[in-house]
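Here is a short report on the structure shown below.

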Number of protein chains: 2
Amino acid sequence: MTIRLYDLAGSEDERRFSPFCWRIKMALAHKGLTVDATPWRFTEKDAIGFTEQPRVPVIVDTANSDKAVWDSWDIALYLDKTYPETPLFTENSGEAATYFFKAWAERTLHPGVAKQVLLDVYNHLHDKDRDYFRTTREKVFGMSLEDVVATADDALPAFQASLAPMRATLETYAFLGGATPSFADHIAFGAFAWARAVSEKTLLASDDPVYAWRERMLDQYDGFARGTPGYAV
Amino acid sequence: MTIRLYDLAGSEDERRFSPFCWRIKMALAHKGLTVDATPWRFTEKDAIGFTEQPRVPVIVDTANSDKAVWDSWDIALYLDKTYPETPLFTENSGEAATYFFKAWAERTLHPGVAKQVLLDVYNHLHDKDRDYFRTTREKVFGMSLEDVVATADDALPAFQASLAPMRATLETYAFLGGATPSFADHIAFGAFAWARAVSEKTLLASDDPVYAWRERMLDQYDGFARGTPGYAV
């Protein structure tokens with residue numbers, strides 16, 4: 001009995017980079033649930049057509065009448081409701097506060113990482129996904145992928161500065177969830193796992209408390225994330 | 001048996017504006033504890049000399065051997081430990097996640113509000129506090145109080161945009177703490193109560209979910225905050 005996860009993959013089946021899928025892979029590892037993470041590409045909309053929406057992560061819970069759930073937030077809520085042991089929403093980081101963290105991460109952390117690695121993502125895509133990715137992302141950013149990353153080096157100090165609230169928290173607590181990881185950690189780690197999978201770029205100084213936290217997250221769950229294809233970070 | 005709070009006041013004893021003191025007044029109201037909020041001015045360092053540090057809020061818990069606690073975060077932790085009923089750190093917004101919120105608020109919300117109301121704060125100060133305030137704040141901002149607020153109108157859209165993670169949360173939950181307020185709400189409300197006490201400035205559009213939340217916070221605890229001196233917001 002396993003949970004099937006449709007997981008965005010690059011040209012190599014095992015190179016998985018979606019920050020939203022990473023949240024869920026870490027959440028499933030957190031709960032110790034068995035996962036069958038099927039590689040999926042942007043242009044394989046038909047494969048998840050049963051959800052009547054176009055995005056991953058999508059899970060199908062074979063232990064629960066093949067229940068399908070999509071959207072990383074809704075999947076996290078589903079997992080805690082269905083498998084309440086080892087919760088994702090904890091005493092230290094409950095649902096509403098984690099929602100705030102997610103809203104912050106998607107407005108600050110994600111765009112900051114994208115600015116650094118968007119062209120690296122493109123370069124790791126399956127051939128059949130490249131036109132789709134370039135067209136949709138260039139529309140969002142209002143410029144070419146090359147232009148997005150052209151000023152990446154200049155933008156790096158501002159990216160690191162933007163992590164100040166995370167850094168302050170990680171100077172006080174080992175994880176965003178306190179002594180142990182919570183879904184807030186999975187959300188934040190998703191953005192760094194996205195970069196690690198596709199980019200050689202150094203995003204964090206080695207003396208940054210966020211760097212040390214990322215190391216702890218790479219080591220969590222028997223080194224699950226560290227064992228996946230990616231670059232040295 | 002009451003808790004004595006040293007609470008920053010303006011030229012009028014009852015006009016209380018410190019965002020950090022507001023956190024604690026809301027936290028004490030949340031717990032239904034009886035408070036004696038003593039007016040205190042910046043230059044009355046001697047009055048809190050027993051803490052060997054210069055800032056308010058300071059509480060003295062007359063029900064607990066006159067235990068003195070300072071720093072708003074440490075006071076909140078003390079209150080939940082000593083008076084665990086009606087917790088400030090809740091299932092929906094626990095300690096570590098609220099620490100992240102505090103770190104965000106102090107880096108985004110507080111400077112944004114200061115940019116709008118810093119000169120209004122000055123204009124409501126007790127005469128004896130004005131030189132101290134001008135000197136210390138102008139050093140922090142690297143410019144005159146007048147120059148800080150000179151571009152306030154131009155900065156207002158960016159301030160409102162900076163609230164996006166709060167707004168997203170308040171579109172989903174009634175409070176940052178979910179269905180009921182938590183200390184995260186007290187932290188955020190502190191910044192708006194600070195502005196309300198001293199400034200006629202409109203910080204929020206009336207159709208903003210953050211505006212509706214601020215109204216709910218003004219109404220909380222039998223309208224405690226709404227009953228204090230301030231401007232229409």
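## The interface between the chains

Chain A and chain B bury about 2,000 Å² between them. Carbon and sulfur atoms give 67% of that area. The model is predicted. Each chain brings residues to the contact: 25 from chain A and 25 from chain B.

On the chain A side, A:Ala96, A:Phe100 and A:Tyr173 lose the most area to chain B. Together they account for 31% of what that side buries. How many salt bridges are there between chain A and chain B? The count is zero.

## The sheet of chain A

Chain A has an open sheet of four strands, in the order β2-β1-β3-β4. The pairing is mixed. Strands β2 (35–40) and β4 (67–70) of chain A are the edge strands. Each has a single partner strand, so one side of each has no neighbour in the sheet. On average, neighbouring strands are turned by 20 degrees against each other, direction ignored.

Strand β3 (residues 58–61) of chain A runs antiparallel to β4(A), and four bridges join the two. Within this pair, A:Ile59 has A:Val69 in β4(A) as its bridge partner. Helix α1 (residues 19–31) of chain A packs on the sheet and touches β1 (3–8), β2 and β3 of chain A. The direction of α1 makes about 150 degrees with that of β1(A). Helix α2 (residues 72–82) of chain A lies across β1, β3 and β4 of chain A. It runs at about 135 degrees to β4(A).

## The sheet of chain B

In chain B, four strands form an open sheet in the order β2-β1-β3-β4, with mixed pairing. Strands β2 (35–40) and β4 of chain B stand at the edges. Each has a single partner strand, so one side of each is left without a neighbour in the sheet. Neighbouring strands are turned by 20 degrees against each other on average, direction ignored.

Strand β1 (residues 3–8) of chain B is joined to β3(B) by four bridges, and the two run antiparallel. Here B:Arg4 stands opposite B:Val60 in β3(B). Strand β3 (residues 58–61) of chain B also pairs with strand β4 (residues 67–70) of chain B, in the antiparallel sense and over four bridges. In that pair, B:Val60 has B:Ala68 in β4(B) as its bridge partner. β3(B) and β4(B) form a hairpin with five residues between them. In the turn, B:Ser65 has a positive phi of about 55 degrees.

Helix α1 (residues 19–31) of chain B lies across β1, β2 and β3 of chain B, at about 150 degrees to β1(B). Helix α2 (residues 72–82) of chain B packs on the sheet and touches β1, β3 and β4 of chain B. The direction of α2 makes about 135 degrees with that of β4(B).

## Helix pairs in chain B

Helix α3 (residues 95–124) of chain B and helix α8 (residues 183–198) of chain B have axes that come within 8 Å and cross at roughly 10 degrees. The two helices are therefore roughly parallel to each other. Residues of α3(B) in this contact include B:Phe101, B:Leu109 and B:Val117. Those of α8(B) include B:Ile187, B:Phe192 and B:Trp194. By class, the contact has 17 nonpolar, three polar and two charged residues.

Helix α6 (residues 152–162) of chain B and helix α7 (residues 164–172) of chain B cross at roughly 50 degrees, with axes that come within 5 Å. That makes α6(B) oblique to α7(B). B:Gln160, B:Ala161 and B:Ser162 in α6(B) meet B:Ala164, B:Pro165 and B:Arg167 in α7(B). These residues divide into three nonpolar, two polar and one charged.

## Links across the sequence

Side chains of opposite charge can pair when their charged atoms come close. Over all chains, the structure holds 30 salt bridges. One joins A:Arg23 to A:Glu106, with the closest N and O atoms 2.8 Å apart. This pair links distant parts of the chain, 83 residues apart. A:Arg23 lies in helix α1 of chain A, and A:Glu106 in helix α3 (residues 95–124) of chain A.

A:Ala155 lies in helix α6 (residues 152–162) of chain A. Leaving aside neighbours within four places in sequence, A:Ala155 is in contact with A:Lys115 and A:Gln116. A:Ala155 and A:Gln116 are 39 residues apart in sequence, yet 8.1 Å apart in space, C-alpha to C-alpha.

How values were computed: Residues numbered from 1 in each chain as written. Chains lettered and ligands numbered in written order. Predicted model: local features only at pLDDT ≥ 70, side-chain atom pairs only at ≥ 80, totals over all residues. Heavy atoms only, no water. Pairing = 2+ DSSP bridges. Axes fitted to C-alpha atoms, helices over the stretch in contact; angles between N-to-C directions. Contact = heavy atoms within 4.5 Å. Parallel < 35°, antiparallel > 145°, perpendicular 65-115°, else oblique. Nonpolar A, V, L, I, M, F, W, Y, C, P; charged D, E, K, R; others polar. Buried area = accessible area lost by both parts, 1.4 Å probe. Salt bridge = Lys/Arg side-chain N within 4 Å of Asp/Glu carboxyl O.
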